[in-house]
Amino acid sequence: MSASAHRAIVGRLVIASHNPGKLREMQELLARYGVTAVSAAELGLPEPEETGTSFRENAAIKAVSAAQASGLPAFADDSGLVVEALGGEPGIHSARWAGSDRDFGRAMAEVEHRLTARGANSPEKRGAHFVSVLCVAWPDEHLEEFEGRVAGRIIFPPRGDKGFGYDPIFLPDGFERTFGEMSSEEKHGLPPIGRGLSHRARAFLKLAEACLERR
């Protein structure tokens, strides 16, 4: 998509997520751009079935569903942990590994169990990366998509309780603390205050450059 084809986001925006951790991050990121963010849960919108086979497809499904149901531009993230020794798992199924009760302690233990079962016990065999695809959909079906990644490795046992999801077992390259040990500002704070370190922050920086105007 050319720069001239990008569409500006103004006014109200629906965040098509029922995940409180993601919702909090996105509201913090959007606040500096004067965009009023309301969640899909606040509007009583249903969670669509994520039938896609990629992060991009699932992000689009969620954003399009919320835009059509609300009549407002809608913003969705699909993200997950990709572990190389596990053939890319849990990948797009990252949230599903935690189950309906969102028990990520169990999900992190499953990652460790599978790595150990495959003999991936040394740091060099535990490479992983987080992926985030952000999609903005308008009621007229215009779509914008942006992707961010951050590389690192899996450690165990989990360390830290400041993040959510798989953050406590993910050690980003070049750092000695996991995402679970980093503050919100450290993890996804944007320049000049933060480094835009997380996968979601990196995708958001691309979105902001294309579709948002700093207030």
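Before we start, residues are numbered from 1 along each chain as its sequence is written. Because the model is predicted, local features need pLDDT of at least 70 and side-chain atom pairs count only at pLDDT 80 or more, while totals for chains, interfaces and linings use all residues; side-chain values use heavy atoms, with hydrogens and water left out.

1. Let's begin with helix 4, residues 104-117. (Helices are DSSP runs of H or I with at least four residues, strands are runs of E with at least two, and both are numbered from the N terminus.) Helix 4 has 14 residues and spans 20 Å from its first C-alpha to its last, close to the 20 Å expected at 1.5 Å a residue. The expected span is 1.5 Å times one less than the number of residues.

2. Which residues of helix 4 are buried? They are Phe 104, Ala 107, Met 108, Val 111, Glu 112 and Leu 115. (Buried means under 20% relative accessible area, exposed over 50%, and partly exposed in between, with a 1.4 Å probe and protein chains only.) These residues cover an arc of only 140° around the axis, which puts them on the same side of helix 4. The arc is taken from the directions from the helix axis to the C-beta atoms. An α-helix has 3.6 residues a turn, so residues three or four places apart point the same way.

3. On the other side of helix 4, His 113 and Ala 117 are exposed. The buried residues pack against strand 3 (74-83), helix 3 (94-97) and strand 5 (143-154), where contact means heavy atoms within 4.5 Å.

4. Do look just past the end of helix 4: Gly 119 there has a positive phi of about 75°.

5. Now for the rings. Tyr 33 and Phe 204 form a tilted aromatic pair, 5.9 Å centre to centre with 55° between the planes. (Rings of Phe, Tyr and Trp, using its six-membered ring, pair if their centres lie within 6.5 Å; planes under 30 degrees apart are stacked, over 60 edge-to-face, and the rest tilted.) Tyr 33 lies in the loop between helix 1 (20-31) and strand 2 (36-39) and Phe 204 in helix 6 (residues 199-211), so the pair ties together parts 171 residues apart in sequence. Both Tyr 33 and Phe 204 are buried.

6. Phe 130 and Phe 179 form a stacked pair, 6.0 Å centre to centre and 5° between the planes. Phe 130, Phe 170 and Phe 179 form one aromatic cluster.
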